[in-house]
Amino acid sequence: MTRANDTADVVVIGAGIVGLGAAYAAVRRGLRVIVLDRSDRPVGATVRNFGHLCIGAQGGDARRYADTSRELWLRLARDAGFWLRESGTLVAARHRDELDVLEAAAHDGGIRMLDSAELRRRAPLRAEGLHGGALIDADLQTDPRTAAAAIVRHLAANGVDFRFRTAATRLADGRVETTRGRIDAGVVVVAVNHDLDQLLPELAERHGVARCALDMMRVAATLPRPLDAPLLTGWSLIRYGRFAATPQAAALRERLHAERPDLAALDLNQMYTQLPDGTLILGDSHATATAPAPFQPEAAFAAFLAEALALFDMPEPRVIERWQGVYAKAPGEFLVDRGDDGTLVIAATTGIGMTCGLGLAELTLASALGRAPALEGTP
């Protein structure tokens with residue numbers, strides 16, 4: 001149904017985690033908010049991830065956004081009623097150089113070193129080759145498939161007007177033309193992640209935005225005990241900012257790439273989360289292009305299974321699902337831009353959108369709107 005011309009204080013384009021964060025920031029400040037999304041629910045990177053909120057592994061701006069996100073995730077889980085746990089994150093070290101990276105990062109606090117016995121009490125890992133590990137204290141875990149839907153319901157109940165199956169077609173001077181009519185807005189927020197090149201192609205090109213496609217899978221696994229928290233490995237330590245920035249990470253990267261060029265070619269981040277139903281999410285690989293091929297090589301999934309079997313004390317798992325995630329990637333970790341017409345464009349341009357997206361939106365909107373939340377406890 002086409003609507004007559006409408007108005008809002010804030011129009012948010014995109015109902016992924018950054019767009020939801022922008023809507024949450026605006027409605028808490030007492031503003032009328034409309035959210036547009038061309039799908040009928042969140043279906044992109046916000047639901048196609050591990051549900052791992054990897055706060056303590058970040059550095060720089062990413063850590064600032066992640067710390068803000070942590071408080072917002074805790075508040076939303078309470079108010080919107082979705083599953084979230086203050087799990088921390090376990091890291092398994094299977095080589096001395098992985099312990100070196102962990103120990104270097106732990107000097108800044110928030111990371112507790114674990115010996116092999118304690119790590120195995122918290123994660124059902126094979127003893128062979130395990131040198132120890134660590135616990136990252138601040139991290140959280142949720143189920144992305146239920147969390148996003150719950151946040152939408154919560155925001156809608158607090159006055160946010162969601163208009164799904166509605167695409168923005170043109171932006172100009174505080175006006176959004178859509179497939180269902182025009183909306184006049186005080187502030188327009190574009191949070192469409194990798195689809196920025198479809199709505200604002202020149203801006204996307206200027207920032208070097210491409211797409212990163214990743215392969216993931218979910219398996220039914222027979223484990224002797226549950227996995228206490230999300231689990232990272234040495235491949236994760238050369239990926240996340242706080243670890244990758246240590247001097248010790250260079251030697252670790254060199255060894256991993258020399259020993260396993262097949263996994264390096266997949267740009268592997270070997271990590272795991274266990275959902276409340278007991279299934280395990282395995283992954284993930286990465287391939288960057290303007291338009292990544294939709295075809296998923298079986299080599300990636302075979303590697304996920306082989307590495308999981310080498311790490312966990314379990315028989316071969318049964319595959320339940322395979323999928324491809326896609327997120328925006330650019331030279332910087334985040335994109336914040338004011339268009340010539342005042343449009344505010346925000347995106348996480350690396351694979352930490354769930355970790356940092358709420359905080360990125362909150363802090364960016366707070367600066368743009370110049371006002372505090374109407375009531376700290378709302379909505």
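These legends describe close-up views of a predicted model.

The model is predicted: local features need pLDDT of at least 70, side-chain atom pairs count only at pLDDT 80 or more, and totals for chains, interfaces and linings use all residues. Residues are numbered from 1 along each chain as its sequence is written, and side-chain values use heavy atoms, with hydrogens and water left out.

View A. Strand β10 spans residues 168–172, and strand β11 spans residues 175–178. Helices (H or I, at least four residues) and strands (E, at least two) are DSSP runs, numbered from the N terminus. β10 and β11 pair in the antiparallel sense over 4 bridges; pairing requires that DSSP finds at least two bridges between two strands. Ala168 has Thr178 in β11 as its bridge partner. The hairpin leaves 2 residues between the strands. In the turn, Asp173 has a positive phi of about 50°.

**View B. Helix α2.** This helix covers residues 60–80, 21 residues in total. From first C-alpha to last it reaches 30 Å, close to the 30 Å expected at 1.5 Å a residue. The expected span is 1.5 Å times one less than the number of residues. Buried residues of α2 include Tyr65, Arg70, Trp73 and Arg75. Buried means under 20% relative accessible area, exposed over 50%, and partly exposed in between (1.4 Å probe, protein chains only). Just after α2, Gly81 takes a positive phi of about 75°.

**View C. Glu362 and Arg29.** These residues form a salt bridge, with their closest N and O atoms 2.9 Å apart. The pair links distant parts of the chain, 333 residues apart: Glu362 sits in helix α13 (residues 353–369), Arg29 in the loop between α1 (17–27) and β2 (33–37). A salt bridge is a side-chain nitrogen of Lys or Arg within 4 Å of a carboxyl oxygen of Asp or Glu. Glu362 is buried at 9% relative accessible area. Arg29 is buried too, at 3%.

**View D. Arg255 and Asp97.** Their side chains meet in a salt bridge of 2.6 Å, N to O. Arg255 belongs to helix α10 (residues 248–259) and Asp97 to helix α3 (residues 96–106), 158 residues apart. Both Arg255 and Asp97 are buried.

**View E. Arg145 and Glu321.** In this salt bridge the closest N and O atoms are 2.8 Å apart. Arg145 lies in helix α5 (residues 144–157) and Glu321 in strand β18 (residues 318–329), so the pair ties together parts 176 residues apart in sequence. Arg145 is partly exposed at 36% relative accessible area. Glu321 is partly exposed at 27%.
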